[in-house]
Amino acid sequence: MPALKQLTILLVEDELELRRETAAFLELYFDNVLQAGHGGEALTLFAARQPDLVVSDIRMPVMDGLELAVRLKERAPDIPVLFCTAFTETTYLLKAIELGVAAFVRKPVDTDELLAAIDKAAVPVLQRREIRGLSDELTASLTAQMGKTPQQLAVAEQVARVARTPFSVLLQGETGSGKSRLANMIHT
């Protein structure tokens with residue numbers, strides 16, 4: 001769970017006491033828990049802080065959870081959104097499913113269920129982070145091997161891109177231009 005601890009969670013709940021209690025619980029497991037009282041406030045916080053995951057009530061004043069999910073998906077299609085709700089109206093649930101909501105947790109919230117839902121929804125977020133980190137490491141390694149001129153950086157970037165694909169590559173050039181070295185880097 002160490003990687004999960006680093007996630008930033010945006011909690012959106014209009015009932016102040018419930019929001020405080022849920023946030024206090026989440027802060028036991030996550031370093032950064034942001035709080036908003038409605039969808040409009042949540043969008044402002046989202047733009048400023050770019051959280052990794054959103055846990056929201058559905059029925060709220062100003063902007064409900066469904067409208068919030070629509071707007072979040074426009075801005076960040078991959079953001080996991082979880083709904084906590086006491087209501088089980090079919091129209092709300094179907095709309096949420098259409099929006100690609102990651103999970104539903106019934107109110108009153110069972111903390112184990114909430115943590116399990118967050119854990120499951122966070123998997124793609126953590127995978128993207130790991131891939132980004134590995135990609136940055138690969139580019140840094142190639143840059144260290146090749147040099148830091150603009151031309152060498154451009155070649156290192158191309159090597160990093162092509163190395164991740166299953167495609168065969170044909171390297172052409174003058175004798176002594178480094179084709180074998182590049183082929184070895186791509187293969188490695």
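Predicted model: local features only at pLDDT ≥ 70, side-chain atom pairs only at ≥ 80, totals over all residues.
Let's start with D57, which you can find in strand β3, covering residues 53-57. Is D57 buried or exposed? Its relative accessibility is 4%, so D57 counts as buried, since the cut-off for buried is under 20%.

Which residues touch D57 once its neighbours within four places in sequence are left aside? The contacts are V12, E13, D14, G65, F83, C84, T85 and K107. With K107 there is also a polar contact, joining the two side chains at 3.2 Å.

## A tilted pair: F25 and Y29

Now for the rings. How many aromatic pairs does a search of the whole structure find? The search finds two. One of them joins F25 and Y29: the ring centres are 5.2 Å apart and the planes meet at 55°, so this pair is tilted.

## A pair between strands: F83 and F104

F83 and F104 also form a tilted aromatic pair, with 6.2 Å from centre to centre and 45° between the planes. F83 sits in strand β4 (residues 81-85) and F104 in strand β5 (residues 103-106), so the pair ties together parts that are 21 residues apart in sequence.

F83 is buried, with a relative accessible area of 0%, whereas F104 is partly exposed at 30%.

Conventions:
Residues numbered from 1 in each chain as written. Heavy atoms only, no water. Helix = DSSP H or I, 4+ residues; strand = E, 2+ residues; numbered from the N terminus. Buried < 20%, exposed > 50% of the residue type's maximum accessible area, 1.4 Å probe, protein only. Polar contact = N/O pair within 3.5 Å; in protein donor to acceptor, adjacent residues only side chain to side chain. Contact = heavy atoms within 4.5 Å. Phe/Tyr/Trp six-rings, centres within 6.5 Å; stacked < 30°, edge-to-face > 60°.
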